[in-house]
Amino acid sequence: VTLSGSITYNEPVGKKKRGQFQFEYNPSVQKNTADQKTLGYDGQSYTKYDSILSNQFENKVITHNGGITYRFNRSRDEQLGINVNYQVTAFTSDRVSPHQSNTQYKFSNFLPYAYWRKKINKYCNIRAFYRSNISFPPVSQLQDVYNLGNPLNISTGNKELKQSLTQYTGSRFSYTNTKTNKSIFANFFVQKSDDYISNATFIAANDSSLENGVVLKKGSQLSKPMNLDNYWMFRSSFTYSTPIKWIKTNLNFNSSMIYTQMPGMINSTLTSTKTYLYTLGLGFVSNISEYIDYNINYNANINKAITTGGMESNNNYVNHVITVSCNLLSKSGWFIQNDLNHQIFKGLSAGYDRNFTLWNAAIGKKFFKNRTGEIKLSVFDILKQNQSVSRNVTNTYIEDSRSEVLQQYYMLTFSYNLKNF
């Protein structure tokens, strides 16, 4: 349950009223309740209350947020805004059962925000921003009751979790020339979190006794959320598009980079898991006519994960993706669609590297006035090679997984487009 309100006052500034002050106050009360009851088997039915695996928990967050904002519009082509908020938070966690306890925190933070927008000329514009915010742990992470669903990986909550402070900054540049059909987009984004909610893991060297008689077997893990500093994320991308007139095709080039640093803890030792994702792509998109359409794209995804402290590891893999699509439409309404997707995985764990092609095709006919009706016969995965492979990176392990997915099937569809224009 969340109750909130807002009071705002605006005051223009300057002879031409290009500036503006804004004063605001935002109170909020948020209350969360979790009631987990575990019933054991008494020989006849599941009615025996298990106090060890049951827990009733309440969490209340009261915030008072107020601040001042100044906006300045030098012209229609340039805007600047600066905001400073001050937030006071009372954070209370109450365990009601099986044993009563109370945890209280009080926080006070300055939360600045700023943005700048400028139109350089009729083709170019640039934007930049900085902001900060506070996030609170959900009640599921605060509820300190053991989850024994997987005896090899027991988890529990942490009633002493605190709020997390996150700061963001970024910028975006765009160039679009409608005369030449050329475009450039570039952006970057940085995120830093203090008291980031990560996981602390304890790996038992021998059988260990936990609270309330719960036993952690040798080699098993106990994990719980914990506030840790030094979470970083950096993301950047670049896209360039230009027409190739002699073949009536657009050439698209894109590249991106994502870096993440995730803190963790294993057996009371701080760890850091750094992941890097580099992407390079090249594509050809046709612009021939409404009757002929084709796309050819290639993307290379280079993944790297490094964990230091505790359990150290260094893993890399590459994913190549080639896609080709071709759609043909006749003046009488008949059409043929073909889509090919070829993927190559290299560098995964033994037995997980894959090389497969997914081929989908369809044939159909458009009819009625303005071609509002369509009947189509589609075939999915003609070569029966569809597969799903993924990698999951955490601060304690790197997991490669393969999932069973739907392969070849046929589908006959009819669609009608309701047009009122």
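Here are some friendly notes on the predicted model above, point by point.

1. A word on ground rules. This is a predicted model, in which local features need pLDDT of at least 70 and side-chain atom pairs count only at pLDDT 80 or more, while totals for chains, interfaces and linings use all residues. Residues are numbered from 1 along each chain as its sequence is written, and side-chain values use heavy atoms, with hydrogens and water left out.

2. Overall fold. The protein contains 27 strands and one helix; helices (H or I, at least four residues) and strands (E, at least two) are DSSP runs, numbered from the N terminus. Among contacts (heavy atoms within 4.5 Å) between residues at least 6 apart in sequence, 58% join residues at least 24 apart.

3. Dimensions. The radius of gyration is 28 Å, whereas a compact globule of 421 residues would have one near 22 Å. That radius is taken over C-alpha atoms, and the globule rule is 2.2 Å times the number of residues to the power 0.38. Along the principal axes, the C-alpha atoms fill a box of roughly 75 × 75 × 45 Å.

4. Surface and burial. The accessible surface comes to about 25,100 Å², with 55% of it belonging to carbon and sulfur atoms; areas come from the Shrake-Rupley method with a 1.4 Å probe, and for residues only the protein chains shown count as cover. Of the 421 residues, 32% count as buried. Buried means under 20% relative accessible area, exposed over 50%, and partly exposed in between (1.4 Å probe, protein chains only).

5. Cysteines. How many disulfides does the structure hold? There are zero, where a disulfide is a pair of cysteine sulfur atoms within 2.5 Å. C124 is buried, because its relative accessibility is 11%, while C326 is partly exposed at 32%.

6. Two asparagines to look at in the loops. Most residues other than glycine have a negative phi. N230, however, has a positive phi near 70 degrees; this residue sits in the loop between β16 (221-228) and β17 (231-244) and is partly exposed at 43% relative accessibility. N370 also has a positive phi, near 60 degrees. Its place is the loop between β23 (355-367) and β24 (373-380), and at 58% relative accessibility N370 counts as exposed.

7. One more asparagine, in a strand. N314 belongs to β21 (residues 313-329). Setting aside neighbours within four places in sequence, N314 is in contact with K304, A305 and I306.
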